[in-house]
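Hello,

Here is the structure I said I would pass on. My notes on its pockets follow below.

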Amino acid sequence: MFEYDVQAPFDLEDLSPPQAKNGVTVRGVTVRDVAYASPRGGKVTAYLVAPAGKGPFAGVLFLHPGQGDRSTFLDEAIAFAQLGTVALSIDGTGTRPPRFSLPRPRTSAGHHARWTQAIVDLQRGLDLLAFRPDVDARRLGYVGHSYGATLGGVLAGIETRVKAYVLMAGLVAHSEWWRSGDHEYYRRFREQVTQEQLDEMVETMATVDAIHYIGRAAPAELLFQFAHRDQFISELEALRYWKAASEPKEIRWYDTDHSFDEQARRDRIAWLGERLG
């Protein structure tokens, strides 16, 4: 389901204007606007942030929440780079600029294909980090929020190179949202389909639920971050995700909403820093 050609070229493209083709210096690190080839078609847009020097540095891959894009984690990627980390913050399959956007799927097969492509695009992002001469491929981390944390749970079960994951307010069984999710997108979907079509969607998408993968994340370490006042993730759902995960794992709660706060940001930077050196 997640197979791809690891030898395929990255076809790395610099999207920066001509005067900034070598990146822009921000707070002492270099930020590049790039795109790399997706093994499933099209290109993945991303911000690649690197510290000065030859390294070898740790590498961290970021994936935003559903309402965000690659810029969501840009400030945090810069903070990691200032501490000696090469960071890659990518756009998910539904948030790429018009030139690289994918058509919105209308069938269960289409949604499944888009979801599996997102996982493969994450793996390809890890390939890109590990291929760089300034990155120590033994020190790779991952940070995902909401959509990024839901996909991150799947990635953790199939990817052996990541040493530590931070999963912020993710869903362990995203497929259930098609049947009962309160978000407007899911409510509208249920209004427009038959019961048979709804059942087919849930059954199809269940194959890429994190609950089938997160239990195989070991030996990678896991940090779950959840919010007491999260408007999307209940405490029961949060605990279900955490309990399904393999050891070693840790869970931290914050008195905030789905967006989290500065304390959560400081905690994950420190936690990953300890594990990635």
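**Pocket linings**

Helix H2 gives the most to the lining of the largest pocket, contributing 3 residues. Please keep in mind that this is a predicted model.

That pocket, the largest, has a volume of about 790 Å³. It is lined by 27 residues, and those closest to its centre are Gly66, Trp115, Tyr147, His174 and Tyr186. At least two lining residues come from each of four helices: H2 (108–131), H3 (147–158), H4 (176–180) and H5 (184–192). By class, the lining of the largest pocket consists of 13 nonpolar, 12 polar and 2 charged residues.

The second largest pocket holds about 380 Å³ of space. Its lining is made up of 14 residues, of which Pro105, Arg106, His111, Phe189 and Gln192 are the closest to the centre. Here H5 has the largest share of the lining, with 4 residues. Helices H2, H5 and H6 (195–205) each supply at least two residues to the lining of this second pocket. The classes in the lining of the second largest pocket are 5 nonpolar, 5 polar and 4 charged.

Which helices turn up in both linings?

Regards

Key:
Residues are numbered from 1 along each chain as its sequence is written. This is a predicted model: local features need pLDDT of at least 70, side-chain atom pairs count only at pLDDT 80 or more; totals for chains, interfaces and linings use all residues. Side-chain values use heavy atoms; hydrogens and water are left out. On a 1 Å grid over the protein atoms alone, a cavity is a set of points where a 1.4 Å probe fits but cannot get out, and a pocket is an open set with protein on both sides within 12 Å along at least five of seven lines; lining residues have an atom within 4 Å of a point. Grid points are joined across faces, edges and corners, and a volume is the space filled by probe spheres set on the points. Ala, Val, Leu, Ile, Met, Phe, Trp, Tyr, Cys and Pro count as nonpolar, Asp, Glu, Lys and Arg as charged, and the others, Gly among them, as polar.
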